[in-house]
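Welcome, and thanks for taking a look. Please open the sequence and the structure below, and then we can walk through the packing, the strands and the chain contacts together.

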Amino acid sequence: MQLGDCLVDLAKGEMTNVLTGKSWHLPRAELQVLRLLVENQGKVVLKQQLKAGNAEYAALSDSSVARAVFMLRSFIGPQYEYLIETVKGKGYLLQDVVIDLADSKSVESLSSVGEKLDPAIASLGSVEERRQQAISQSQKSDFTEIDVMPCATGKKRPSIPLITLAASALFLLLFTALFLSLPEQSKEVTKTKPMRSDVVKLKSGQFMSIHLYAASNTNNRLLLQQSQEIQQAFALCEQSDWRHVYIALSHDNQVLNMTLRGDSVGQSVVRNLKITDSRSAKNKQFVSVRWLLDAEICD
Amino acid sequence: MAKRWVWTINLLVLGALVGAMFVIERLTAQEQRFMLNCASELTDRNELLDKDVQHYLLVDLVTSGSTAQVNYRYYSVDGSSAGSISMQGKVDKIDQDSNTYFVSVSTKQETPSVDMPQHMQYLSYVSSLNINEKGEHNLSLELLDIDKAKDYAVVLFQPSNTVCGCRLVH
């Protein structure tokens with residue numbers, strides 16, 4: 001028969017926890033108490049009955065009975081210890097949920113408790129099939145070979161495969177969330193180099209670097225032409241705070257971008273000029289030397 | 001068998017917890033913000049008016065974790081607003097070797113004005129075209145020259161092929 005997670009073999013005086021595989025050969029007091037409780041399950045068994053002796057054994061003391069009950073509860077575990085109920089001032093009561101796996105009525109009664117049953121047994125077909133299955137499990141002599149045992153306590157435990165599946169799903173979820181939420185780290189892109197770099201010498205002898213950036217190495221005539229204008233304009237400057245000039249023409253040839261970078265009184269300074277010229281290609285003139293000097297690029 | 005299952009479950013739960021800690025650590029570590037502020041002088045060469053039209057442009061780029069926001073604010077010479085475009089999207093990729101951020105803009109809001117610079121008109125047109133047709137407007141920002149001590153960077157925007165000197169903002 002089954003008590004919580006334990007299989008009980010009263011004939012052998014043995015109790016086995018099917019989850020831990022631990023077996024316990026019941027001492028005399030525990031066996032006597034358990035046998036009487038099982039025989040009278042669902043009813044209160046008086047202390048006098050529990051400690052009664054017979055021709056073979058002397059009567060048990062009150063403390064022996066209490067200790068036996070304590071030990072039985074300990075073995076079946078805190079989850080099921082309520083199965084052995086203390087009836088104050090009278091004795092003890094074994095809840096009427098102990099399953100006699102060899103008794104067809106007991107097995108048949110399993111179907112009435114519905115979700116209390118383990119799906120492994122509940123899913124079986126006829127009552128007779130369930131009985132045979134239960135008996136075959138109970139007849140495994142050492143009990144420890146039984147993989148999944150029914151729990152007849154009314155507390156449905158989640159099945160082990162379900163927990164495994166849930167934990168695996170959590171893993172998957174966490175790492176999916178990580179990879180979806182983070183920007184991709186790539187090392188495939190190479191750093192863009194200027195299409196061309198020139199050096200301009202100012203009137204004071206100061207040097208200034210000019211860097212041209214183009215999206216392609218083709219059709220950059222307009223960019224080069226504008227670069228020449230800019231270099232000529234800077235060459236007219238006596239001196240300047242600017243040290244580097246970055247020039248780019250937008251991909252549609254509509255905007256000339258000029259970034260001046262330098263240092264002034266120990267501080268980094270920057271100036272961005274964006275000149276839009278929507279005239280036709282042959283009439284475009286973003287900047288000229290005159291225009292640049294008017295824009296005070298030397299300062 | 002039962003013991004084996006209990007150990008398996010324990011290890012899986014432990015692994016899940018370690019995994020959760022790893023994910024949380026990575027996510028919080030990546031939450032560092034990157035902010036750029038770029039100020040430009042805009043000049044529209046206008047043949048018909050026979051004079052140039054001047055505006056100012058402020059571009060703010062903020063990335064936080066995988067989210068990105070780019071704000072374009074245009075001003076007239078007198079300081080009045082000449083329109084704005086606010087774009088929201090995500091950082092698709094960060095190339096650490098080339099210091100390049102790949103941003104995908106999915107939504108934008110525009111505040112037009114009667115005095116919109118050509119730069120804004122063009123940006124509005126291109127971004128609308130991309131968002132309406134492809135669902136996103138992609139751009140990349142490559143830090144060509146960076147001086148963290150002076151909070152300064154020269155940025156190359158693609159595919160527009162635009163260079164801009166910007167301040168790094170803490």
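In the largest nonpolar core, which has 57 residues, the members that touch the most other members are A:Ile230, A:Val245, A:Ile247, B:Tyr72, B:Val103 and B:Val155. Strand S11 of chain A supplies the largest share of this core, with six residues. A second core of 26 residues is separate, and among its members are A:Leu34, A:Leu50, A:Val69 and A:Leu72. Please bear in mind that all of this comes from a predicted model.

Let us stay with B:Val103 for a moment. Which residues is B:Val103 in contact with, leaving aside its neighbours within four places in sequence? The list is B:Ala68, B:Gly89, B:Val91, B:Asp92, B:Leu139 and B:Leu141.

| Strand pair | Sense | Bridges |
|---|---|---|
| S4(B) (residues 81–95) and S5(B) (residues 100–111) | antiparallel | eleven bridges |
| S5(B) and S6(B) (residues 137–147) | antiparallel | six bridges |
| S13(A) and S1(B) (residues 33–46) | parallel | five bridges |

B:Gln88 stands opposite B:Thr107 in S5(B), while B:Val105 has B:His137 in S6(B) as its bridge partner. S4(B) and S5(B) also form a hairpin, with four residues between the two strands. In that turn, B:Asn99 has a positive phi of about 55°. For the pairing that joins the two chains, A:Lys274 has B:Leu42 in S1(B) as its bridge partner.

That brings us to the interface, where 51 residues of chain A are in contact with 54 residues of chain B. On chain A, at least two residues of the touching side come from each of helix H7 (160–181) and the strands S8 (184–186), S11 (242–249), S12 (255–264) and S13 (267–277). Which element gives the most to this side of chain A? H7(A) does, with twelve residues. By residue class, the side of chain A that touches chain B divides into 25 nonpolar, 18 polar and eight charged residues.

One last stop is a record annotation. In an unreviewed entry, UniProt lists residues 6–24 of chain B as "transmembrane region". In the model this span is 100% helix and 0% strand, and its end C-alpha atoms lie 27 Å apart.

Technical notes: Residues numbered from 1 in each chain as written. Chains lettered and ligands numbered in written order. Predicted model: local features only at pLDDT ≥ 70, side-chain atom pairs only at ≥ 80, totals over all residues. UniProt positions renumbered as here; feature names shortened; annotations may be inferred. Contact = placed C-beta atoms within 7 Å. Nonpolar A, V, L, I, M, F, W, Y, C, P; charged D, E, K, R; others polar. Pairing = 2+ DSSP bridges. Core = buried A, V, L, I, M, F, W, Y, C linked by C-beta atoms within 7 Å. Buried ≥ 20, exposed ≤ 12 C-beta atoms within 10 Å, placed from the backbone.
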